[in-house]
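My notes are below the structure.

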Amino acid sequence: MKKDTALITAGRDKKYTGSAVNPKLSRASTIVFDTVAEMAQAGFNKNYQFDSSSQSSQAAEYYGRRGTSTTLAFNDAMCELEGSAGSYVYPCGTAAITASLLSFLSAGDHLLMVDSVYEPTREFCQGTLARMGVEVGYYDPMIGSQISDLVQANTKVIFLESPGSLTMEIQDVPSIVDVAKANSVVTMIDNTYASPFNFRPLDFGVDVSIHSATKYLNGHSDVMLGVASANANAWPQLRDNSYELGQCASVDDIYTTLRGIRTLGVRMREHQANAFKVATWLDQHDLVERVLHPAFESCPGHEFFKRDFSGANGLFSIVLADANRKAIAAMLDNLTHFKMGFSWGGFESLILPVGSAPAKRAQAPWKLDSRLLRLHIGLEDSDDLIQDLSAGLERLDKELKHARNI
Ligand SMILES: *Cc1c(COP(=O)(O)O)cnc(C)c1O
C-alpha cells in the first residue's frame, strides 16, 4: 500500500469504527465484564492491540489506563505507519522519550546521546538519569560509523535525533545502527521531524521510533501527545515498563490526533513547498548568512537526507549575518503572520529566537549569540510570509545601523 493510502486507512478497522468512518470515541476508566472467563482473557491480552482472532475490540480492553478501543485504533494506526510490532501512547512527546529511555536503562549503564538532541531530552539525561546512576556520553551528530570508538562494555542504548534540534544535522542512521547491532545495543530515535510519512526508522533497523505527536501528527496546535513504536525485539520491554510507569493519554487527544493523521500527507507536502520558497528567498538575502535546511546542499548530512528521507517539512533555521538583542526584538516584535512560540508542526507559521541550547553542547558548542532563528512555515501564502519577513529584516537592519552610528 502506498503511504498516502495508508494514512487514510490506518486504524480504521470496523471493530473500531462500527458503521461510521472514524473510530468511536470511547471514554472510560472502568471496563466491565460479564463473565470471569472474559475478564481473564482480557487480562491475559497485554499486547495493547486488538486480538485479530476476536471480532470485538473489547477483547483487548482491560482497564482505562491500558486504553479503550480509541487508543487501540490509534496504536494500530501507528504500527501500520511505522511498520512496528507495537506502539505505546504517552501524554506528550517528552514522556514518550523519557519512558523509552527508562525502559532500557539501569544504574551503571551507559547511554550514547546525540549532542544535537532536543534540549529537554538533554535535561532529563543530566537530571533524572544522572541521579539514577546512568552514565551519559554525547556524540557528534555527524559521527557515523566512528561511533564504534565510543561504545563501552556497559553501553545499553544509542539515542538518535535526525535532523538535530535547531541546527538540523542529518545523521547517518544505517551506519550507527550497524555498530549498535554488532554490540547488542538498543537504538532509539526521536523521529518527530520526519513523522512516519517521510522516514520510517524501523525499516533502517532502529528498535524504537519516538514522536512528539503534538507536532505534525496532530498538526493543529491543540493537543499534547507522544507515541513510541517498537520492533518485535524491543516491544515487550517498552510496553511493560511504560505501563509500570503509569503512562497513558486522554482518548480525546488520541482521537483528535488520529483525525490529524488523515491529512498528514497533504499538510507535509504543502509545508515543504511553502518552506522551500521562503528558505530560498532568505538564502539570497544579504542579512542572512546561512540557511540550515535538510533539503539544502549546505546542510550537514544533506546526502543522508537525500538517501533516507522522502521529503522535508516546514521547519528550518537561519543564521543572521549580524544581530543583537535589540535588533532581534525590532524584527520579531512587529511581525504580522509569524508569532513566537516553542512548538511547531501546526498549520500556522512560527519564529523562535534560539536561546542558549546549541551553546550547551558537549562536542561542538555553537557560539552565535543571538544570530540563530528557527522558523516553522505554516500553510499561509508564502508571498505574505516573505513580505512579513522582508519588513522584519528591514527593521533589524535599521536597528543595527543605528547601533553602529552611536
Ligand atoms: C516538541 C518536541 C519534543 C517534545 O514533545 P512534547 O509533546 O512537547 O513533549 C520532542 N522532540 C522534538 C524533536 C520536539 O520537537
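The entries take the model's conventions, then the helix pairs, then the serine.

I am working from a predicted model, in which local features need pLDDT of at least 70, side-chain atom pairs count only at pLDDT 80 or more, and totals for chains, interfaces and linings use all residues. Residues are numbered from 1 along each chain as its sequence is written, and side-chain values use heavy atoms, with hydrogens and water left out.

Helices 13 and 14. I looked up helix 13 (residues 325–332) and helix 14 (residues 382–405), whose axes come within 7 Å and cross at roughly 150°. That makes helix 13 roughly antiparallel to helix 14 (over 145 degrees, on a scale from 0 to 180 between N-to-C directions). I noted contacts (heavy atoms within 4.5 Å) from K326, A327, I328, A330 and M331 of helix 13 to L389, G392, L393, R395, L396, E399 and L400 of helix 14. The contact residues divide into 8 nonpolar, 1 polar and 3 charged, with Gly counted as polar.

Helices 5 and 6. I found helix 5 (residues 93–104) packed on helix 6 (residues 119–131) at about 45°, with the axes 11 Å apart. I97, T98, L101 and L102 in helix 5 meet T121, F124 and L129 in helix 6. This contact has 5 nonpolar, 2 polar and no charged residues.

Serine 87. I placed S87 in strand 1 (residues 86–90). S87 is buried, at a relative accessible area of 0% (buried means under 20%, with a 1.4 Å probe and protein chains only). I also noted that its side chain makes a polar contact with the side chain of S229 at 2.8 Å (N or O atoms within 3.5 Å, one able to donate a hydrogen and the other to accept it).

Key:
Helices (H or I, at least four residues) and strands (E, at least two) are DSSP runs, numbered from the N terminus. Angles under 35 degrees count as roughly parallel, over 145 as roughly antiparallel, 65 to 115 as roughly perpendicular and the rest as oblique. Buried means under 20% relative accessible area, exposed over 50%, partly exposed in between (1.4 Å probe, protein chains only).
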